[in-house]
Amino acid sequence: MANGKRVVVIGGGPGGYPAAFLASDLGMQVTLVEAKPNPGGVCLFQGCIPSKALLHVAKLLNEAKEASQWGLSFEPPTIDLAKLRSWKQGVVGKLTGGLGQMSRNRKVNFVRGRARFLDAHALEIAREDGASEKLDFDYAIIATGSVPAKIPGLPTSDRIMDSTATLELNDIPKKLLVVGGGYIGLELGTVYSALGSKVTVVEATGGLLPGADRDLVAHVQKKIEERFERVLLNTSVQSMREEGEGIRVKLLGTDLPESEPLFDKVLVSVGRKPMTEGLGLDRVKVKQTSRGFIEVDAQRRTSEPHIFAIGDVAGDPMLAHKATYEGRIAAEVIAGKSAAFDARAIPAVVFTDPELAWAGLTETEARKQGRDYKLARFPWSASGRATTMGRNDGLTKMVIDPRTEQVLGVGVVGVGAGEMIAEAVLAIELGARATDLMMTIHAHPTLSETVMEAAEVYFGHSPHLYQQPA
Ligand code: FAD
Ligand code: NAD
């Protein structure tokens, strides 16, 4: 029986708070320990939510600017930075405040403080005011998330920021350097470029967003090259030093603009690492991988069977919805239900313009695995809806098993791709075949039709794309 089990959840992010809420709904006695004033975690306070609020503003700015091609001209915008900041903080406050209320409604004991294991059944919680208390538990769920990775040897300066400082929006630097062309670098680079910064991105590898298929990334890269000042691939930072009003940066690469460019601000977004510092893991038998993630099994149990780990601290992909899914599993397993991590597809969405989303097997992974696969691609140049929006820069593609015709993976790049990927996830989860997507009636004119048409391309019969008979 779940009733009466004392469960402590450490960390109130999108892994921890849903786990705590469900554990309480299932009849357990739950304490949620969180360093911040309310549940929400990195995602709501310093990640997904503030970045998407600002990306919404960026979209508006870009659309207003680009509408001149349709005969609509607006005056250049006046940006009231203080008001924009307070609107963004209002969004964060509304959502995190709401979660605080939810936790009270559910009788979850929310304790503000930092938790540290004393032994396998007790925590010490250090409160804000310096006081500390001991908390005994039957089960623990570690959901402490992740923190930004650093580049060793960089000086300490207010001009060198991580994503949290960048989201503060203290000013709009004239020249912004973004180190790392991944999710954060491209999303926040998009925000600052729309607000007026000249943005340079340096990426150590040969391409932006290294995890995604190249034909999808090409559309994002094209737009970014139009809007940003420069994109430097195969380039890394050698050193940085504060000089007068800026940061002088020494880069190492093949196609550098000048030897040591000067930037007003720098965003370092070179990945994130699991947060286990100060958690006292040495006092419990919880094992970690060489990269510092907590090792878990399919039920999200650590090597201490009554201690679970979920979210960013338990491994890639470091995405909010993956954390939430794991939170559900851990809470159900503790309640005695039969549950395990068995998702076939975890969607990934990069909220750039255009958006890039994928789910299931990518073409790159299929090739690497040497498995038999076929591709079907529907370019948005053939989409009526995309044309009405002036946004033909998109592509919907499918990776299909030629033997079973099952959809193994879907990739979408284009405006609204992040919303569209949900259909693909459901298709993959349900084991849908290309025929199922082809024979599902999609409303016209919508961008979602491109999913149906990609399936039609697979059979060589898309009405809007002429394919030479094989
Ligand atoms: P977190 O959200 O990191 O929460 C962990 C919490 O634990 C924190 O609140 C921390 O204060 C607390 N904590 C840590 N140690 C202790 C301790 N010892 N005691 C008490 N409390 C502790 N993901 C998406 O899916 N979509 C997005 O659009 C997206 N955008 C992002 C944008 C940015 C700028 C960033 C940085 C990340 C973004 N992410 C996004 C990633 C997403 O934020 C993480 O995957 C997600 O927050 C992980 O959730 P979590 O519950 O594992 O941990
Ligand atoms: P990332 O892993 O997405 O990208 C980091 C990039 O930096 C990579 O392209 C990498 O090759 C490059 N890089 C690494 N070291 C470098 C160096 N020294 N010089 C130049 N480039 C270097 O990491 P991120 O952008 O910091 O984001 C962290 C994580 O947060 C993401 O992986 C993702 O899981 C999550 N996130 C998700 C979303 C979303 O879902 N929309 C948004 C933001 C963040």
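V201 touches V178, G180, G181, L186, L208, F228, R230, V231 and L232, leaving aside residues up to four places away in sequence. Contact here means heavy atoms within 4.5 Å.

The model is predicted: local features need pLDDT of at least 70, side-chain atom pairs count only at pLDDT 80 or more, and totals for chains, interfaces and linings use all residues. Residues are numbered from 1 along each chain as its sequence is written, and side-chain values use heavy atoms, without hydrogens and water.

**Cores.** The largest nonpolar core has 37 residues. V201 is among those with the most contacts inside it, as are L84, L169 and L356. Such a core is a set of buried Ala, Val, Leu, Ile, Met, Phe, Trp, Tyr and Cys residues joined through side-chain atoms within 4.5 Å. Buried means under 20% relative accessible area (1.4 Å probe, protein chains only). Another core lies apart, with 31 residues, including V425 and Y458.

**Ligand 2.** Around ligand 2 are 23 residues (a heavy atom within 4 Å). I184, E203, G271, M318 and V349 come nearest. Polar contacts are pairs of N or O atoms within 3.5 Å.

| Residue | Ligand 2 atom | Distance |
|---|---|---|
| A204 | nitrogen | 3.1 Å |
| M318 | oxygen | 2.7 Å |
| V349 | nitrogen | 2.7 Å |

Taken alone, ligand 2 exposes 830 Å², and the protein buries 77% of that. These areas come from the Shrake-Rupley method with a 1.4 Å probe.

Definitions and conventions:
Chains are lettered from A and ligands numbered from 1 in the order in which they are written. Buried means under 20% relative accessible area, exposed over 50%, partly exposed in between (1.4 Å probe, protein chains only). A polar contact is a pair of N or O atoms within 3.5 Å; within protein, one must be able to donate a hydrogen and the other to accept it, and residues adjacent in sequence count only if both atoms are side-chain atoms.
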